[in-house]
Amino acid sequence: MSRLVVVSNRVAPMRPGGGTGAEGGLAVAMQRALRDRGGVWFGWSGKTLPSDSGDASIVEIGPVSYATVDLSQQDHDEYYTGFANSVLWPLFHNRIDLTDFTRRDMAGYLRVNAMFAGRLLPLLQRNDVLWIHDYHFIPLGESLRRAGCRQKMGFFLHVPWPPMEILLALPNHVSLVKQLCTYDLIGFQTEADKHSFLEYIRQEAGGEVLPSGRIRAFGMSPIVKSFPISIDTAEVAELSRRAEKGAQSKRLKKSLMKRQLVTGVDRLDYTKGLIQRLESYQHLLSNYPAFRGRVTLLQIAPPSRSDLADYQRIRHQVETIAGHINGTFAEFDWSPVRYLNRGFKRQTLMGFLRASNVGLVTPLRDGMNLVAKEFVAAQDPEDPGVLVLSRFAGAARELESALLVNPYDIEGVGDTLAKALTMPIEERRERWAAMFKHLQRYDLVYWRDTYMGALEAAPCGAAAA
Ligand code: ADQ
């Protein structure tokens, strides 16, 4: 079996058999695949130095080399904060209004990808298979090919692919799509993302979509397919069962004093619809007075990308509205909102999801949203909670038995919340069972293996077609 080379923005913890329990399932799945096949996990170290970065630092553990590269301050500003997170992230989530395109940042993005290619190339062996993750690395494949890399290369996009009209707002859209076409396999989260990409290929790039699942564009012919990412369903179910008996879940339940619990778990990001979600909860309390004093919203939102102004703004807005709801409705013995800005160990978090009557997952746009899937897997089959899910999350395409909502419809989501909180047990069980069954079959290992299977079957050297 050929070695696997994984490239992602951050490299997971390197301790043998290690991990704190706080890292996500994705990291665990990649670790396992790497340990089985041997290989390299390559990415940014998370460190920013005042001057230029040096060679990759390598830590060998068993058959896996963990290779990380530092970034200079300029690289970090232009590549990571700049083009990746102030242009591609907002644009791919349909927020043209928040994009801040400059040629300087675009050049930084290309320069850093070329630098990463240069650092990765000497670590590769002839029969390696490369799996490159996410929007930070779209041009990496082209840089690698230019530097002489002949190995098979697949790319997977964790965020949505935007509709064609939105992508056209990106000044360098042609070169970006061309860079993507260098890969032998391009994976998207959903069929809808794939179709948006194919529409661009047909209408803007003058390319062709072949019946085999391949496309022909820019003189290249990659395979394009959707692979909805998932969770380790059995592991989440087990963690949540164990957590139920743990001290934290017991403390949470005791503190609720038999009130119903609605839970949201999201990185503090403007794509997650936190403002609209809080407004919907406010609508519930205003229009359904029976719920006052009887329900608590637990919103867990660890800050991310806090050096960007748009993220500082959303944090301030969420704090303001959460404070406003508590100021308006709280009693001396009840706060309607518990707002927490921190991370939790995975098991603790899964216990909180299990203790919840409603999972409120209402992003304005999301590639998949793993919290929605984790919420389902964490439920007690005898007494499952209800998932209220935005139709704009990739997960909505699979979790059709959730209560699907439009997060922009504040009153509609508030009314749906009332429905979720009063749903009869039979309906809760029925909806949950359909979703859980789906997640048992289509879990993280299924995702990883179908992607790897497609990559291994893909003809190498897309440019040759
Ligand atoms: P994210 O935008 O980060 O991921 P999501 O899919 O929900 O969003 O994954 C977040 C993960 O972090 C979940 O596993 C969750 O349990 C965990 N997490 C969140 N808050 C936490 C906390 N306070 N403590 C501990 N763990 C916490 C991107 C895309 C998504 C896509 C994923 C995977 O934006 O659309 O689903 O990648 O492809």
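Me: Which domains does the domain assignment of the protein give?
Reply: The assignment gives domain 1, covering 4-230 + 445-457, and domain 2, covering 233-441. Keep in mind that this is a predicted model.

Me: How far apart are the C-alpha centres of domain 1 and domain 2?
Reply: They lie 30 Å apart.

Me: And how many residues of each are in contact with the other domain?
Reply: On the domain 1 side there are 29 residues, in contact with 23 residues of domain 2.

Me: OK, the ligand. Where does it lie relative to the two domains?
Reply: The ligand lies between domain 1 and domain 2, because both give residues to the shell around it.

Me: How many residues surround the ligand, and which are the closest?
Reply: The shell has 21 residues, and the closest are H158, F344, D366, L370 and E374.

Me: What does D366 do there, in terms of distance to an oxygen atom of the ligand?
Reply: An N or O atom in the D366 side chain is 2.5 Å from an oxygen atom of the ligand.

Me: And L370 and E374, side chain or backbone?
Reply: For L370 a polar backbone atom is involved, 2.8 Å from a ligand oxygen. For E374 a polar side-chain atom lies 2.7 Å from an oxygen atom of the ligand.

Me: How much of the ligand's accessible area does the protein cover?
Reply: The ligand has 720 Å² of accessible area on its own, and the protein covers 85% of that.

Me: Which elements give two or more residues to the shell?
Reply: Helix 12 (346-354) and helix 13 (370-377) do. Helix 13 gives the most, with three residues.

Me: N369 now. Which loop is it in?
Reply: N369 sits in the loop between strand 14 (358-361) and helix 13. Its phi is positive, about 85°, although N369 is not a glycine.

Me: Is N369 buried or exposed?
Reply: Buried: its relative accessibility is 7%, and the cut-off for buried is under 20%.

Me: Which other residue has a positive phi without being glycine, say near 70°?
Reply: K258 has a phi near 70°. K258 is found in the loop between helix 9 (247-256) and strand 11 (260-265).

Me: Buried or exposed, that one?
Reply: K258 counts as exposed, because its relative accessibility is 85% and the cut-off for exposed is over 50%.

Me: Switching to Y109. Where is it?
Reply: Y109 lies in helix 3, residues 103-120. Y109 counts as buried, at 1% relative accessibility.

Me: What is Y109 in contact with, leaving aside neighbours within four places in sequence?
Reply: The list is Y79, F83, L88, Y135, H136, F137, I138, P139 and L176. With Y135 there is also a polar pair: a polar atom of the Y109 side chain lies 2.6 Å from the backbone oxygen of Y135.

Me: How far is Y109 from Y80, in sequence and in space?
Reply: Y109 and Y80 are 29 residues apart in sequence, and their C-alpha atoms are 7.5 Å apart.

Me: Last one, S280. Which helix, and buried or exposed?
Reply: S280 is in helix 10, residues 274-287. S280 is buried, with a relative accessible area of 1%.

Me: What is S280 in contact with, beyond four places in sequence?
Reply: Leaving aside those neighbours, S280 is in contact with I410, V413 and G414.

Methods. Residues are numbered from 1 along each chain as its sequence is written. This is a predicted model: local features need pLDDT of at least 70, side-chain atom pairs count only at pLDDT 80 or more; totals for chains, interfaces and linings use all residues. Side-chain values use heavy atoms; hydrogens and water are left out. A residue is near a molecule or strand if one of its heavy atoms lies within 4 Å of it. A polar contact is a pair of N or O atoms within 3.5 Å; within protein, one must be able to donate a hydrogen and the other to accept it, and residues adjacent in sequence count only if both atoms are side-chain atoms. Accessible areas come from the Shrake-Rupley method with a 1.4 Å probe; for residues, only the protein chains shown count as cover. Helices (H or I, at least four residues) and strands (E, at least two) are DSSP runs, numbered from the N terminus. Domain bounds come from an automatic or database domain assignment. Buried means under 20% relative accessible area, exposed over 50%, partly exposed in between (1.4 Å probe, protein chains only). Contact means heavy atoms within 4.5 Å.
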